[in-house]
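Opening the notebook on this one. I want to note what I looked up, entry by entry.

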Amino acid sequence: MSDFTLERGLAAFRAEIDGPVAAFFSSCVHCGICAQSCPFYLETGDPKYTPILKLEPLRRIWAAEFTLMGRLKGLLGLNKKVTDEMLTQWEELIYDSCSMCGRCSLVCPVGNDIQAMVRKSREGMVASGHAPEGLIGAAVRAVQTGSPMGLQWKTLQVQINHVETSTGLTVPIDQAGVDYLVMLSSMEVINFPEYLEAITRIFDHAGVAWTLSTQCFEATNAGIQIGNKDVAAILVQRVVDAAIALGVKNVISPECGHAYTAIRWEGPNLIGKSYPFKVFHIVEVLDQLRAAGRIKTAGKELDRLSMHDPCNLARKSGVIDEQRHLIDLVAENFVELKEHGRFQWCCGAGGGVSSNERAEGLKLAAFKRKKAQIEEVEPARMVTICASCRTQLEEGLEHFNMDIPVIGLTELIAEHLVDKEESPS
Amino acid sequence: MIDPMDFLLLTKGPLFTLAIGICALGLAARLLEILVMGRKHNYSEPRAGEWLPGLRTVLSRTIADPGTIKRAPFNVVVGWLWHLGFIVTLLFFIPHIALIKSLLGLSWPGLPNPAVDLITAVTLVALVATLVHRLTHPVKRRISTVEDYLLWAVVFLVALSGYLAYNRIVTPYPLALGLHILCAEVLLIVLPFTKLTHIFTAFIARWYNGASFGRRGVQS
Amino acid sequence: MSVKDTSLGERLREHGISRRSFLNYCAAIASLMALPPGAVPAIAAALEAARRPSVIWLSFQECTGCTESLTRSHSPTIEDLILGTISLDYHHTLQAAAGTAAEAAREQAMQENHGKYLLIVDGSLPGADSNPGYSTIAGVSNYAMLMEAVQGAAAVVAVGTCAAFGGLPGADPNPTGAVSVMDVVKDKPVVNVSGCPPVPMVITGVLVHYLTFGRLPELDQYHRPLAFFGQSIHDRCYRRPFYDKGLFAETFDDAGARAGWCLYRLGCKGPSTYNACATMRWNSGTSWPIEAGHPCLGCSEPHFWDAGGFYTPLSVPTGVPKQALLAAGAAGAAIGGVVATKAKQRVRADAADRQPVTVDELEQKL
């Protein structure tokens with residue numbers, strides 16, 4: 001018997017209200033500009049997907065309980081209530097039609113951080129029993145098996161063996177005291193095993209001391225996607241424990257935007273303390289190595305390349321220049337999408353949308369915005385630095401019969417490494 | 001029939017005191033509602049500070065990004081136009097400056113009256129355009145509440161009554177001026193309890209937004 | 001030929017006023033009252049033939065400024081003669097008689113001209129419910145005297161802002177309970193010739209209109225003759241172009257003041273004041289306050305003493321108590337603080353007995 005009740009949900013909503021939320025709701029003038037930044041609204045044309053509207057349950061609780069007028073209205077019984085029916089209706093708006101890309105937060109004229117409030121709203125949705133099945137499944141698998149996709153270390157071990165065979169290098173495992181603990185995402189392990197090979201080669205090339213951890217290899221956090229801090233804290237604690245167990249100085253988040261924001265920004269707050277290590281996304285590390293002259297490349301890609309900035313990295317974490325420095329290293333003919341960097345457009349799969357089978361149609365609809373952007377510059381290939389985005393781009397381009405392959409940047413760099421023997425130095 | 005001079009003195013005297021008192025009370029309440037809530041300590045390691053990016057966003061959100069301008073030019077331009085017109089008229093019409101000086105002791109140069117007159121006319125047209133937009137654009141229709149329309153009327157009447165008084169279209173003048181002051185008082189009274197609070201809280205909201213993005217190394 | 005029976009025309013000729021200047025005067029009056037040029041001969045004819053009507057002038061709570069204005073400023077002019085031409089049967093300041101004789105003259109005039117005499121009042125009077133002792137004449141309260149005199153009057157002309165609107169005696173806190181003529185006279189036509197003092201020619205204009213047409217002129221909502229009070233000082237002010245350009249004097253001795261710029265910021269009440277000063281001017285058309293460099297006080301409007309400081313701009317509210325404002329702000333801060341603190345406490349309490357979401361719970365949802 002599940003204990004998720006409306007009351008518990010309302011308490012969870014309430015617990016999320018802070019100064020910024022109060023300032024944001026106090027300031028909304030219903031201008032509708034946020035809709036113009038939302039791929040889910042723009043590509044469906046349905047005004048119910050207007051971002052600020054997705055926050056109506058949270059707003060009602062704030063208005064009724066956190067304002068003088070709400071208190072007075074409450075005495076007269078005039079406040080609009082948040083009901084179970086309402087939350088059922090809002091489930092689609094808060095989960096299926098929001099990839100938490102944060103573009104609305106960047107364009108709102110009064111400065112409302114709508115994305116942050118969607119994240120907060122999900123706390124209430126989970127506690128009131130209104131989370132989508134797909135995300136519940138991922139969260140349960142993540143906690144129970146260590147991977148939202150149910151991936152086991154033994155599967156990864158098979159990958160490691162392949163990598164070692166093909167590179168002739170050793171993939172370090174459970175090496176205490178090294179500089180970097182490398183985390184992976186299940187999606188990467190399953191869909192893009194070339195990533196592991198790429199970093200093995202690059203780190204060997206640059207002489208980086210790194211390791212994987214058998215204690216915890218999964219970087220993603222299904223608890224954050226579903227929007228529950230209890231589950232999220234369990235998952236992030238595993239990463240922290242693994243890093244502390246090995247005594248590493250740095251933890252590297254894989255080519256996955258979501259995992260990076262989860263560990264880098266939300267993690268310390270979930271466990272209520274700062275880390276004794278630093279967190280980097282793989283492109284940050286690669287760019288540091290590049291700047292230090294530790295990555296030597298030869299030759300350039302000659303076809304027209306363009307790049308998709310993952311929302312979680314560019315807009316939500318400020319990782320914008322790093323990937324450009326790296327691509328300049330290996331691409332002759334690079335072209336930017338018209339709106340890129342912090343103003344990029346979401347692929348449509350973030351924020352748990354890709355784990356939510358029910359949202360398949362909306363996910364594809366939202367992708368059309370990305371598709372239009374890609375069509376505008378007509379690249380031969382797309383480069384990205386997030387496995388979720390990459391999967392969505394591949395599936396979406398396939399769906400629309402567009403023959404544009406998608407590759408990971410790390411992989412691209414690895415392909416151009418100068419062999420150690422040939423290196424002049 | 002209402003005595004125009006009695007009416008003017010009522011609006012300039014007790015009603016103004018009442019309106020500004022309610023406004024001060026309500027506004028202080030609203031600001032405290034926000035500030036008392038505060039923020040939880042953030043344990044993540046910042047990339048940059050919060051104060052400067054926050055202040056930057058306070059300013060930068062005034063101008064929409066190029067993409068938004070392209071996608072919603074009407075919304076952006078008309079919204080911007082009437083806000084600017086309203087603020088310029090409020091802050092740079094000589095009689096308003098005299099009023100502000102009497103309340104706050106601060107004063108600055110004003111604009112020639114015909115310039116303010118023209119700006120007010122543009123503001124009125126822009127306000128009508130925003131109403132039409134609100135009534136016709138699917139998103140705006142969907143998210144608009146009764147409050148949105150009522151407040152539109154309040155803001156419009158403030159500008160319209162001012163325009164009529166300045167141009168002496170309504171006579172006698174004490175009646176026209178009294179009506180304008182009354183409209184402004186209605187605005188002052190509802191300001192703290194409606195979305196008009198954004199006149200003040202938008203800057204707090206922008207700061208929080210800029211600070212949050214800024215500490216993550218993103219210009220917002 | 002007794003003085004009383006001579007017509008105005010005859011008296012003018014006796015005083016050597018030429019026909020030309022008389023017609024000029026009639027034309028000026030016609031123009032002021034916005035009558036067509038064709039009306040000039042009619043006015044002239046009516047005035048020439050006019051017999052001196054009986055006028056009773058009651059002075060109550062007043063300063064005699066209105067009388068001063070009327071009698072001294074234009075002497076000797078046609079206006080004075082017009083005044084001389086009426087049969088001023090009772091006027092404290094001007095009449096020779098005093099005491100019982102004076103009161104007897106008033107009573108006699110009221111009897112002889114019952115239903116026909118014009119009653120002019122200057123000064124306000126303590127109202128019906130006020131202590132009558134605040135102002136009496138020959139032991140009779142102003143109120144009682146007015147009520148008695150008004151019975152046989154054809155019409156009442158309230159001269160000056162005190163009589164018209166209560167004026168200075170009626171200003172806050174109005175210790176004598178002063179009221180205007182209009183406040184107590186409800187059953188006779190009342191014309192208000194407001195101003196502190198009023199423009200003399202406006203008074204004679206009203207009389208001329210009455211003598212010419214046998215009825216009172218068209219009035220505004222304050223019972224003021226529209227011909228003289230129909231336009232605001234602001235609309236006819238020669239400094240208006242400076243207002244329109246946004247050129248204002250900010251002190252009485254700055255460059256703007258010397259250049260004759262608009263006096264709005266020095267408190268000019270011209271925009272809300274309806275009077276004829278800007279067109280008729282004072283002292284035989286010599287000048288008027290704004291031309292002399294002083295802002296209009298708005299003296300012809302009701303409550304002008306209480307309508308904010310004379311040197312406070314029109315747009316400035318009358319007396320916002322700053323302490324009250326601070327108190328309101330503090331109260332608001334306290335209320336908002338309490339609301340938010342209460343909400344915060346509830347959140348904390350909820351957090352304390354919060355039931356963490358477990359995977360087992362989630363699994364049951366699947």
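**Leucine on a helix**

I started at A:Leu72, which sits in helix α5 (residues 68-75) of chain A; helices are DSSP runs of H or I with at least four residues, strands are E runs of at least two, both numbered from the N terminus. This is a predicted model, where local features need pLDDT of at least 70, side-chain atom pairs count only at pLDDT 80 or more, and totals for chains, interfaces and linings use all residues. Residues are numbered from 1 along each chain as written, chains are lettered from A and ligands numbered from 1 in written order, and side-chain values use heavy atoms, without hydrogens and water.

Buried or partly exposed? I get 43% relative accessibility for A:Leu72, so partly exposed (buried is under 20% relative accessible area, exposed over 50%, partly exposed in between, with a 1.4 Å probe and protein chains only).

**Strand β7**

Next I checked strand β7 (residues 381-384) of chain A and found both faces covered: A:Arg381 and A:Val383 are buried on one side, A:Met382 and A:Thr384 on the other. I note that side chains alternate between the two sheet faces in a regular strand.

For neighbours, I see four bridges to the parallel strand β5 (residues 301-308) of chain A; pairing takes at least two DSSP bridges. A:Met382 partners A:Ser306.

**Helix α20**

I then checked the length of α20(A): its 13 residues should span 18 Å at 1.5 Å a residue, and the end C-alpha atoms are 18 Å apart, which agrees (expected span is 1.5 Å times one less than the number of residues). Just after α20(A), I find A:Asn401 with a positive phi of about 55 degrees.
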